[in-house]
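Here is a short report on one protein model.

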Amino acid sequence: MKGFGVACCLLLAAIPGGYAERRFPPPDFETGYTQPPVVFQEVRTPVSQYVDLTLLVVCLAIGTWLLHYRRSRRGIFLLGLFAVLYFGFYKNGCICPIGSIQNVTLALLDPHYPISLAVIGIFIAPLLFSLFYGRVFCGGVCPLGAIQDLFLFRTLRVPRWLEGSLGLCRYFYLGIAIYTVAEYSRFVICEYDPFVGFFRMSGLPWKLGLGAALLGIGLFIPRPYCRYLCPYGGLLSLLARRSSTWVRITPTDCTNCTLCDAACPYEAILRPEEPIRPEGSWRFKIILASLGVMALFIASGFYLFGTALSGILLSTWFGVVIASKMMTQAFSNRRNHFETDHAACLSCGRCYEYCPYGKTMQEIDAHAG
Amino acid sequence: MLDNLLALFDRKTTIYLVAASGVFSLVVIIGLCFDGLWYRPMPVFDVPLLEMRETLRKNPQDQALREEIRHLDQVVRQDFITTRKRLLVGGYLLFFSLLIFVLSLRRWTVLQQKLPEPLLLSQLAEHPQAQMNLFRTLAFFCIPLALLSLYGLSYLKHHPQIVNEAGLQAPQPPGPPLEILVPDNQKWPQLRGPKGSGVVDDPNLPVSWDVEKAENLVWKVEIPGKGHSSPVIWGDRLYITTGDFESRKVLCYQRSDGNLVWSCALRTNAQLDEELKEDEGDTGLAAPTAVTDGHYIVAFFGTNEIAGIDREGRQIWSRWFGPPDSDFGIASSPILSGSTVYLQLDQGSKEKKHSMLYALDIASGKPRWEIPREVPCSWSTPILVESNGRSELITAADPWAISYDPVSGKEIWRAKVLSGAVAPMPASCNGFFFTATEYSQLAAIKTGGQGDITETHVAWTMESDLPDVAGMVTDGKLLILPNGTGKVRCFDVLTGKRIWTQEYDNGFWSNPTLNGDLVYMTDMEGTTFIFKLADKYEEVGQGKFGEPVLTSFAVADSRFYVRGEKYLYCLGKPQ
């Protein structure tokens, strides 16, 4: 515990060093000295972008294999370490699928905005893997997730109701990010990326402080950025709900030992439970309340933004997000066994280490896959 | 193999590793902090070197002092480079030691872990209250948060702020950037040149040309877009703007050969009305001419979008002034003084109070000041005048010609001399300010007044054959006034006496240019008439473009740069 306290202090202490910028005025003697032209950083070549895309896809494939076939937590951890070193520190955290949301949005809205196929590929590849294999990208390929994973010390359980509400912030952030791209051509996800300063070993103090704070929170509440803020994680969650292969808890062999539940730091194991308030009148009231909230947000959009379509759409999106969350309460089902929450599971593989039927599950997954 | 490797790190070894890497990291951090706190960047630049430089400026012959400064400069630079290296090495040491620290700490936590206690099944069923808490959280947290976010964004929407394109801006040194040094004869930073007067003195400029016969034509290139803005020049770069409903662009050309270097399409938060697509107004959407100081190009468009672009074609900032509200479109060009861009944006009727005068920082777009104007829409570009030891920013609109202090934006004087649609750019010289517009009058106003000077400072007026678009040009003695019907008149500046009148077949919208004693004036069909500015009209030559030309000439290095309807021309005598 104290060790982690020291780690936090060290990280915070590193901030001034990271921020230190030294500028030097050019000599101004009248010696005929010609000022060299200002040199800007070279734009990355398309080849470099395609190399990144290839590596991303290879990492996703390896992650899928490690998760669903090898069922190796250690392998996923090492993959995460590679992601931090290569996609994080070596590539300076850019371009990443999270930020590519903005590139793709701007390209869709502005036909003059140049976007390479590699960037589109970087945006799409994790989504496709998520659709078929769950959130493999979050598990071991995302440098932002992996760096938070490194700092996990002791898990504090977040109540499910709070987890559900905080998780909506991802979708708010996604909406705001798309809105600001559309309205201001601003890339707020990149501007407020809390970890890029660490990857580049330089950055504004508040940004490094934000990253340090998230890592500090992450000591006890695992991956706070991924669970409550990451807009791309929100998209991956939506697709992972329909994934054809995922981290499974077998209903036939499950002894309800609860070890997987205790091992999962992300509240991604759903416990057996009775459906809440099955009465029809309650269901009706919840649906009505959801529709009311949606109407409130649509009206707010018109009130606040007038006839500006982007603002009204953003407000509607907020309404849809909150109303959808409310409606899920009206349709909760009975569960007799432990199940994986496809949307919340970050594919870290921690539960494998504890499940007494791990090998059996491996065979079942291989068969299902 | 990994298991064997991990087996080496048992609990005891791991604790040692944690402690060693932690202490090492701490030492490096302390060293870096100490270095950062102790080391004052460039201390001698703070006072001693600056003072020595100042002394040297006063006494440039002091060789000993010059050598001392050089020596000191070299010492400081070496120290700077050494410190940079030390920081870099320290950074890498810190990175690797922290990495070892984090990994060993993680290994230690794994070794510390105990198997979780199984939960009793009776503990599993969640209390229904927990689900109700979801609603409470939604009600007290999510919905207020979402509404607050919406309010924040709508506030931004309705209060257009400067939008910095984070990530696109190259790092700039603190303070104003160094001027990109180019000879004065290679600067044409704004509409009608450095002083906005259209006056140049270059005896090597051609006095005739014929584009179709390639006479005195250096190059011509087709412009990929529409617009009536004029070129601006800094060094080897030439900039023009184009615009339509789909996109507004700044184009950068190599001045020597006309090759397109880059084009930058604006990205702003403008919400354009579809009506603009059908009717761009008489001016089109790219009538205002850009300004440049070499580092930045600031372009303003008929959509009320303004943007700062660096010389590499990257947009640095942008701003939208809301939907345009002008009868014939937007035509007033920004002008530049130092690092301040002035924009006269007169819109709507007087009652709507939409008209504003802005002073913006060229590098960031941040307003230095902005003041409302009690005038309806106008199309005129302001001018900066040095008068009685003070600078004045003078604007022309219906009904007031108003002078402002360029630093504070405070009004200095105003004169009620105009009416109707005011578009011609004013002119100034020898303590006089000239403004005119069709169906109103030409007024010569003595500058240097205070308050309402309508009754006291208007030297003379004239009320016939006035210009609707074209501006004036003067050498301080004579004033040339072209108009839209093809009539050109010459006046005595001091008395307002008409000296001569010359009639042409076509009207003039282009601003005239004065080179020495020669006036260059291009009609709407693309013929330039070159005549002497003298007591008697005497034509010296003609230039033919073969297409309509409505823009003003830019001059650099004994060459004219002219934008026609379709082509951009470079005209000059054969080298």
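## Terms and basis

Buried means under 20% relative accessible area, exposed means over 50%, and partly exposed lies in between (1.4 Å probe, protein chains only). This is a predicted model: local features need pLDDT of at least 70, side-chain atom pairs count only at pLDDT 80 or more, and totals for chains, interfaces and linings use all residues. Residues are numbered from 1 along each chain as its sequence is written, chains are lettered from A and ligands numbered from 1 in the order in which they are written, and side-chain values use heavy atoms, with hydrogens and water left out.

## Chain A overall

Chain A has 17 helices and two strands. Helices (H or I, at least four residues) and strands (E, at least two) are DSSP runs, numbered from the N terminus. Of the 369 residues in chain A, 54% are buried.

Contact means heavy atoms within 4.5 Å. Take the contacts in chain A between residues at least 6 apart in sequence: 83% of them join residues at least 24 apart.

## Backbone details

The loop between α3 and α4 of chain A holds N92(A). Phi of N92(A) is near 60°, a positive value in a residue other than glycine. N92(A) is partly exposed, at 30% relative accessible area. I95(A) also sits in the loop between α3 and α4 (97–109) of chain A. The peptide bond from C94(A) to I95(A) is cis, with omega near 0°.

Chain B has its own cases. Y439(B) is not glycine, yet its phi is positive, near 60°. Y439(B) lies in the loop between β23 (432–436) and β24 (442–446) of chain B. With a relative accessible area of 74%, Y439(B) is exposed. D398(B) and P399(B) are joined by a cis peptide bond, with omega about 0°. P399(B) is in the loop between β19 (390–396) and β20 (400–404) of chain B.

Helix α3 (residues 73–90) of chain A meets helix α5 (residues 63–112) of chain B: their axes come within 14 Å and cross at roughly 165°. α3(A) is therefore roughly antiparallel to α5(B). Axes are lines fitted to C-alpha atoms, for helices over the stretch in contact, and angles run from 0 to 180 degrees between N-to-C directions. Under 35 degrees counts as roughly parallel, over 145 as roughly antiparallel, 65 to 115 as roughly perpendicular and the rest as oblique.

On α3(A), the contact uses R73(A), F77(A), L81(A), L85(A) and F89(A); on α5(B), it uses F95(B), L99(B), L103(B) and R106(B). By class, that is seven nonpolar, no polar and two charged residues. Here Ala, Val, Leu, Ile, Met, Phe, Trp, Tyr, Cys and Pro count as nonpolar, Asp, Glu, Lys and Arg as charged, and the others, Gly among them, as polar.

## Salt bridges

A salt bridge is a side-chain nitrogen of Lys or Arg within 4 Å of a carboxyl oxygen of Asp or Glu. The count over all chains is 21. One network links R73(A), D149(A), R223(A) and R350(A).

R157(A) pairs with E267(A), with the closest N and O atoms 3.0 Å apart. These two residues are 110 residues apart and link distant parts of the chain. R157(A) is partly exposed at 37%, whereas E267(A) is buried at 8%. E163(A) bridges to R227(A) at 2.7 Å. Both E163(A) and R227(A) are buried. In chain B, D184(B) and K187(B) form a salt bridge at 3.3 Å, N to O. D184(B) is exposed at 62%, but K187(B) is buried at 15%.
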